[in-house]
Amino acid sequence: MSLFKARDWWSTVLGEKEEFDQGCLCLADVDNTGNGQDKIIVGSFMGYLRIFHPHPVKTGDGAQAEDLLLEVHLRDPILQVEVGKFVSGTETLHLAVLHSRKLCVYSVSGTMGNVEHGNQYQIKLMYEHNLQRTACNMTYGSFGGVKGRDLICIQSMDGMLMVFEQESYAFGRFLPGSLLPGPLAYSSRTDSFITVSSCRQVESYKYQVLAFATDADKRQESEQQKLGSGKRLVVDWTLNIGEQALDICIMSFNQSTSSVFVLGERNFFCLKDNGQIQFMKKLDCSPSCFLPYCSVSEGTVNTLIGNHNSMLHVYQDVTLKWASQLPHVPVAVRVGSLHELKGVIVTLSDDGHLQCSYLGTDPSLFQAPKVESRELNYDALDTELKELQKIIKDVNKSQGVWSLTEREDDLKISVVVSLNLDSVSQAPDVAAGTDLVPSATVKVTLQNRVALQKAKLSVYVQRPLVLSCDQFTFEFMGIPRVIQCKFRLPLKLICLPGQPSKIASHKLTIDTNKPPVSLLSLFPGFASQSEEDQVNVMGFHFTGGSQVTLLASKTSQRYRIQSEQFEDLWLITNELLLRLQEYFEKQGIKDFACSFSGSMPLQEYFELIDHHFELRLNGEKLEELLSERAVQFRAIQRRLLTRFKDKTPAPLQHLDTLLDGTYKWVIALADAVEENEGSLLRAFARLRSATHLVILLIGLWQKLSADQVAILEAAFLPLQHDTQELGWEETVDAAVSHLLKTCLSKSSKEQALSLSSELARPKDTSRLKKHIALLCDRLAKGGRLCLSTDAAAPPTMVMPGGCTPIPESDLEERAVEHDSPEPFTSHKHLVAETPTPEASPLQGVSE
């Protein structure tokens with residue numbers, strides 16, 4: 001809030017729901033009275049033209065009826081109003097009004113009134129120009145050094161300058177490289193037009209160069225005719241300001257020098273007439289309009305700058321001299337002489353608040369009362385302090401600063417999953433002709449003791465599972481917090497009973513410390529043959545078409561899971577462990593444990609990683625090729641458009657055939673990109689399943705606790721969705737490298753190594769596969785996972801049949817090449833209890 005306010009001299013509100021911009025305000029003696037008093041001309045986008053001559057009885061009066069000299073509805077939106085010598089044969093001032101498709105020049109005159117109603121004003125149309133292009137803004141001046149008259153230059157929305165010599169049209173020129181029009185001004189000293197292009201640079205064009213350049217309305221056949229018909233439009237000078245400009249104003253202080261003032265989005269520039277920067281000022285607030293004017297100090301210039309904080313700043317060069325508060329955000333500011341008062345500041349807002357003000361202050365009449373001096377009573381102060389602390393403590397309690405147990409009791413989430421599938425499938429977006437997709441109903445119940453604020457329930461499931469609705473919002477009032485609840489979905493949702501298969505490419509064996517359990521009691525809903533056959537062997541048929549076979553040994557305490565696809569083993573393996581744990585807990589047996597004694601299937605896991613990475617590379621290549629063909633397609637379109645616009649027919653030179661072939665190529669590449677994205681999604685789902693399986697086997701193999709398994713899951717499963725910008729490979733490589741250089745490091749030197757902070761797509765997956773194998777080797781040698789960065793390096797333990805270390809330097813690699821046993825040969829001696837899984841493969845999360 002400013003200490004100083006702009007003193008309101010006269011103000012009014014124009015119309016209702018009308019809009020205005022910086023070109024809609026002008027001050028001039030438009031009726032040619034010759035008494036030196038300006039009139040306020042305002043045009044609106046609704047087409048209303050108003051002329052005011054304010055003369056309040058006292059400061060701060062509102063508008064009176066006689067202050068409005070003229071109000072006319074011109075129907076078309078008014079983009080800009082200017083006053084100058086626009087009519088030939090006379091040097092009197094006339095009003096130019098720019099519409100989107102028309103330029104009108106009016107004569108404003110007044111008739112002395114003989115009655116109390118006062119004078120009468122009217123406008124008369126002198127001439128008008130219908131524009132072939134949509135106008136943006138205009139400027140005027142004595143182009144070419146003409147005397148006694150002003151010429152008008154209009155800039156169109158497509159970057160064309162149209163020059164009018166009063167009643168006649170002179171010529172039109174396209175600005176080179178124009179994309180969007182910018183502010184336009186004319187410098188009479190250098191006889192040039194100055195604008196700011198869409199390239200964010202100030203450009204100056206000489207009027208003589210524009211006049212002798214090639215006409216924009218003519219088309220020529222050959223390059224020789226183009227060279228013979230006119231000169232090329234060349235810019236006089238340019239200056240890159242690095243931002244878009246809001247307005248341009250040119251001030252000539254004498255015949256020898258002039259300055260170009262440019263108001264940018266963040267800076268204010270003052271340039272010499274040759275394009276050199278005289279000074280610039282970085283603005284603290286976003287500006288909305290400005291107006292340079294002459295200063296009383298020689299060699300300096302004053303500038304009024306309005307901003308979006310409703311402030312009007314007065315700068316002398318780059319020094320802030322005054323700041324005043326306005327009641328609105330100005331979009332246009334002018335200075336003029338009104339009612340024998342010089343230097344009145346006129347501001348206009350975008351919603352029609354027109355105000356005439358001057359700078360000043362009101363004296364402060366407030367005097368602070370004298371403070372009574374008294375002795376301090378420290379006992380009373382201590383008592384008051386204790387009371388205030390008690391009040392603060394009670395307020396904190398009432399606002400939710402409670403213990404965690406109390407907060408958990410305030411809101412409870414319970415989930416009930418139907419054991420039976422829906423009789424009528426509720427699966428969304430199922431293509432016609434496909435097999436029926438099963439669905440299951442989940443009931444979520446919220447119980448709260450206190451009022452809640454806008455409770456949002458989100459449900460998440462892993463691909464390829466989908467939800468019919470995953471977001472629910474409830475409008476309550478209260479304290480924001482997050483509570484999660486995990487639940488398991490029925491196995492029948494994605495697999496059905498199938499025929500067991502004896503032949504399989506991938507097999508896993510899980511050892512237990514208890515006698516085998518009948519598979520019918522573990523999977524009661526998957527019986528497809530006689531009960532005798534189902535005791536030791538059971539088949540599962542996934543909805544996607546793959547088969548998984550589960551076998552229970554009759555003599556040993558082992559279970560075997562086998563399938564043709566490696567990633568399909570995870571779901572049945574994890575479900576088997578969960579159901580075994582629940583079965584023995586119901587029997588009251590608490591010492592049940594599982595272990596994995598086979599070799600780690602890293603080779604199969606690495607094949608899935610390579611396939612996923614290959615699809616990522618293929619997607620990037622297809623997108624680059626699609627971008628190149630799209631550029632080629634647009635270039636051919638431009639060539640054809642040029643041929644079709646030519647008045648003289650010319651052969652297409654097989655451009656239409658090339659366009660058709662390029663179009664088919666673009667469509668084929670787009671289909672290939674879409675198909676590759678679908679393949680990438682499926683590959684990522686398979687990779688996630690295989691990753692879950694590898695983490696599960698590592699946990700069984702090395703007897704990892706639940707916290708250590710959670711660290712592995714955070715490292716190997718950091719992303720829910722895979723993208724081209726941030727992929728699974730570089731993210732997992734960074735996480736695994738961090739574990740190897742912190743809690744799994746062999747020495748303090750490795751801990752001192754710094755990791756790169758930038759995640760970029762690697763060239764191949766060899767480094768990632770080395771790090772994953774090295775992680776397994778460090779765990780096999782006694783390494784333990786923890787989040788503490790200052791943990792000591794674990795001691796090296798040599799175990800029979802352990803993992804071969806993967807070298808991380810060239811010297812170590814050459815030393816290992818001579819004597820390297822086969823990695824992961826056998827781990828039958830390693831037995832670990834199964835960790836209690838926190839989530840099922842068919843699990844959802846609601847929060």
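Predicted model: local features only at pLDDT ≥ 70, side-chain atom pairs only at ≥ 80, totals over all residues.
Arg50 counts as buried, at 6% relative accessibility (buried means under 20% relative accessible area, exposed over 50%, partly exposed in between, with a 1.4 Å probe and protein chains only). I found that Glu18 is buried too, with a relative accessible area of 6%. Glu18 and Arg50 form a salt bridge, their closest N and O atoms 2.7 Å apart (a salt bridge is a side-chain nitrogen of Lys or Arg within 4 Å of a carboxyl oxygen of Asp or Glu). Glu18 lies in the loop between strand S1 (6–13) and strand S2 (25–28) and Arg50 in strand S4 (residues 48–52), so the pair ties together parts that are 32 residues apart in sequence. Strands are DSSP runs of E, at least two residues, and helices are runs of H or I, at least four, numbered from the N terminus.

I noted the ground rules: residues are numbered from 1 along each chain as its sequence is written, and side-chain values use heavy atoms, leaving out hydrogens and water. Local features need pLDDT of at least 70 and side-chain atom pairs count only at pLDDT 80 or more, while totals for chains, interfaces and linings use all residues.

I searched the whole structure and got 20 salt bridges. One of them joins Lys39 and Asp31 at 3.1 Å, N to O. Lys39 is buried at 2%. Asp31 is buried at 11%.

Next I checked Asp273, which forms a salt bridge with Arg189 at 2.2 Å between the closest N and O atoms. This pair links distant parts of the chain, 84 residues apart: Asp273 sits in the loop between S21 and S22, and Arg189 in the loop between strand S15 (184–187) and strand S16 (192–196). Asp273 is buried at 17%, but Arg189 is partly exposed at 35%.

I also saw a network of salt bridges linking Arg488, Glu575, Arg579 and Glu582.

**Entry: strands**

I traced an open sheet of four strands, in the order S19-S20-S21-S22, with antiparallel pairing (two strands pair if DSSP finds at least two bridges between them). Strand S19 (245–252) and strand S22 (277–282) stand at the edges with a single partner strand each, so one side of each has no neighbour in the sheet. S20 (residues 258–264) and S21 (residues 267–272) pair over five bridges. Val260 has Leu271 in S21 as its bridge partner.

I then found a hairpin of S25 and S26, with two residues between them. Asp317 in its turn has a positive phi of about 60 degrees. Gln316 stands opposite Thr319 in S26.
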